[in-house]
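Please look through the structure shown below together with its sequence. The report that follows takes up selected sites one after another.

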Amino acid sequence: MSQDVRLEECSAPALLDVALTTRLRLQVSPWQDGHGGVGYAVHEAGAFPRRPVWETFLFLEEGADSIALHPFPAEDPQTPGHGDSTDLVMTIAAGVQDLAQMLLWEHGKDATWPSCPAHPGGHALRVLSRRMSWSMNNGVPVVGEDSGANWTCPEGDFRTPIGTL
Ligand SMILES: [Zn+2]
């Protein structure tokens, strides 16, 4: 699968969530960077990103305009979960969340995004680690449990797949 198709497929769920639940329109674009290790930038749609950063506080300190993501790792058949679509959906969603919260805050809106339906007014759902197990069968990993790419309540049981807000 080409990197462009991977980018489009794996960014669609989080971009859909932000579009359906806020007035923000975000986008993820490839970023060519000779140094600094930036592979992609999460930014407002229609605005060309110029200053991707790893941490949102740098929006205030350095006038950043986008969140940096690392280049996507290659999928490794011997290491289930590493660099697969679910992994990328989660990585991108975390960047989308960072930018969405920053922009909502800048616009004077509630920056608790996405808000947890189980705890209204409490906290945002988060992209927590994926639970996954597999066993080796004749040198080939066979996946047992895979929690998938979810928005998860940090304090309770609620979770919902990224792309279904
Ligand atoms: Zn909650």
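His 123 is buried, with a relative accessible area of 14%, where buried means under 20% relative accessible area, exposed over 50% and partly exposed in between, with a 1.4 Å probe and protein chains only. This is a predicted model, in which local features need pLDDT of at least 70 and side-chain atom pairs count only at pLDDT 80 or more, while totals for chains, interfaces and linings use all residues. Residues are numbered from 1 along each chain as its sequence is written, and side-chain values use heavy atoms, with hydrogens and water left out.

His 123, in the loop between α3 (85-106) and β5 (132-137), and Cys 153, in the loop between β7 (150-152) and β8 (159-161), link distant parts of the chain, 30 residues apart. Helices (H or I, at least four residues) and strands (E, at least two) are DSSP runs, numbered from the N terminus. Cys 153 is buried too, with a relative accessible area of 3%.

## Salt bridges

A search of the whole structure finds four salt bridges, each defined as a side-chain nitrogen of Lys or Arg within 4 Å of a carboxyl oxygen of Asp or Glu. In one of them, Asp 84 pairs with Arg 130, the closest N and O atoms being 2.9 Å apart. Asp 84 lies in the loop between β4 (66-69) and α3 and Arg 130 in the loop between α3 and β5, so the pair ties together parts that are 46 residues apart in sequence. Asp 84 is buried at 12%, and Arg 130 is buried at 17% relative accessibility.

Arg 130 also meets Asp 146 in a salt bridge of 2.9 Å, N to O, and here the loop between α3 and β5 is linked to strand β6 (residues 140-146), the two residues being 16 residues apart. Asp 146 counts as partly exposed at 35% relative accessibility.

Arg 51 is partly exposed at 42% relative accessibility, and Glu 62 is partly exposed at 40%.

## A buried threonine

Thr 22 is placed in the loop between α1 (3-21) and β1 (26-30) and, at 13% relative accessibility, counts as buried. The side chain of Thr 22 reaches the backbone oxygen of Val 18 at 2.7 Å, and it also reaches the backbone nitrogen of Leu 24 at 2.9 Å.

Ala 100 is found in helix α3 and is buried, at 0% relative accessibility. Although Ala 100 and Leu 26 are 74 residues apart in sequence, their C-alpha atoms are 8.1 Å apart in space.

Conventions
Polar contact = N/O pair within 3.5 Å; in protein donor to acceptor, adjacent residues only side chain to side chain.
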